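Subject: Structure handover

Hello,

Here is the structure I said I would pass on. My notes on what turned up in it follow below.

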Amino acid sequence: MKTALTDTTASKINKSLVQARRAIGTPAVGMVLTLVIVTDEENAYDALRSAGDASREHPSRTLVVIKRVSRPHRGRTQSRLDAEVLVGADAGAGETVVLRLYGEVADHAQSVVLPLLLPDAPVVVWWPVDAPLDPAGDPLGALGQRRVTDTYACEQPVRELAARADSYTPGDTDLSWTRITPWRSMLAAALDQVTCEVQGVEVEGEESNPSCELLAMWLADRLDVPVKRSLSAGPGLTAVRLATDCGPIVLDRADGSLATLSIQGQPGRAVALKRRATSELIAEELRRLDPDDTYASALRYGVERLRNPAHRPAVDPKAPSGRRPEAVSRVLTEASGALDEVSRAPDDASGDSGKRSAGESPAKGAGAEEAGAEGAGSPAPGEAAAEGSRAAEAAQAPVKGAAAT
């Protein structure tokens, strides 16, 4: 059932929803969330179709916000709200309201959307195109527990990833990250089958595909190994190669549908890694409404750090998993202890000179030897302070001379 409303209000839209539900015989509201789609007229149809398919798994109220710009200059100052209310078969398993905002009301879309949200239900905001640099700071984004963007639809996806990292807020996610979920699952399962140490990774895919960059950053962040980014003609991700001390592990998908997993010492196997539709990606994101900490960690690793070795910490190739070898840490600890000994040398000499020998403190010289010899006995209580003072002066004299040299 479809109802068109011209120059309407949020109150009239709510009344139309109630009447439409009663007309089709379903007065109860069985939706589990509100999905707010912010898009333009060109991409509204595709976004609405994807949301309708996803609603069969997650029945929801879908609010499509389209900001229209009037061609005449006078019309740009006139505020108007047009709406289409879709209930029943026309709206999938939920209900849909298409909102077209004209004039000044387009700058205050949150005031139109707020009265239409389902009470006591989660809110997810999705930008198929033209997402703000700070989704959580956007007035519409502030209404949602989850905010979904798609850097693949941007003109400069790699630069957009850097902006997403700078403005990340718990609850943000991106469909470019959702696209690599099967890849991450398959690679994790492959590493569970072997007991080898990963020494390096190569990720192959299209040049301006943000999913390739996110997968490379995820591998670099989780494995702590160097990751090489190589280019191919696509489509999308084409291959991931893991270099291990037991032989290579390769996940190759040349045709965008069927992949081959090759592990050293095992026969190759075919796995399904088809490129998924947008409706499947949205349905996956609606399954979880909590913050994705793994996405946040991979995103904050940074594209610049991935591509520029100077921005990465030094890694010994002989060390397992790219970690710093224990020998280096032991040397640093011993050096730190030696510096502490030197800094405490004058105090130790003055406070406990009788317990040190010339072999333990070479810098003390002959004066320290004499002080140790005199302190070895058991002087009278009255003479102990004088002996300690003379030993301290004898110990400090060579050290001062060495410093001057």
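Helix 6 (residues 181–192) lies across strand 9, strand 11 (237–244), strand 12 (247–252), strand 13 (258–263) and strand 14, and runs at about 25 degrees to strand 11. Helices (H or I, at least four residues) and strands (E, at least two) are DSSP runs, numbered from the N terminus. Angles go from 0 to 180 degrees between N-to-C directions, with axes being lines fitted to C-alpha atoms, for helices over the stretch in contact; contact means heavy atoms within 4.5 Å. Helix 7 (residues 210–223) also packs on the sheet, where it touches strand 9, strand 10 and strand 11. Its direction makes about 175 degrees with that of strand 9.

This is a predicted model, in which local features need pLDDT of at least 70 and side-chain atom pairs count only at pLDDT 80 or more, while totals for chains, interfaces and linings use all residues. Residues are numbered from 1 along each chain as its sequence is written, and side-chain values use heavy atoms, with hydrogens and water left out.

The sheet is open and has six strands in the order 10-9-11-12-13-14, with mixed pairing. Two strands pair if DSSP finds at least two bridges between them. At the edges are strand 10 (227–231) and strand 14 (269–272), each pairing on one side only. From one strand to the next, the twist averages 20 degrees. Strand 9 (residues 198–205) and strand 10 run parallel and are joined by five bridges; Val203 stands opposite Arg229 in strand 10.

Next, strand 4 (residues 80–87). Strand 4 pairs in the antiparallel sense with strand 1 (residues 2–5) over four bridges, and Leu5 has Ala83 as its bridge partner. Strand 4 also pairs with strand 5 (residues 95–102), antiparallel over eight bridges; there, Thr96 is the bridge partner of Leu86.

A search of the whole structure finds one cavity of 30 Å³ or more. A cavity is a set of points on a 1 Å grid over the protein atoms alone where a 1.4 Å probe fits but cannot get out, and lining residues have an atom within 4 Å of a point. The largest cavity has a volume of about 50 Å³, volume being the space filled by probe spheres set on the points, which are joined across faces, edges and corners. Among the residues lining the largest cavity are Arg147, Asp172 and Tyr295.

Regards

Technical notes. On a 1 Å grid over the protein atoms alone, a cavity is a set of points where a 1.4 Å probe fits but cannot get out, and a pocket is an open set with protein on both sides within 12 Å along at least five of seven lines; lining residues have an atom within 4 Å of a point.
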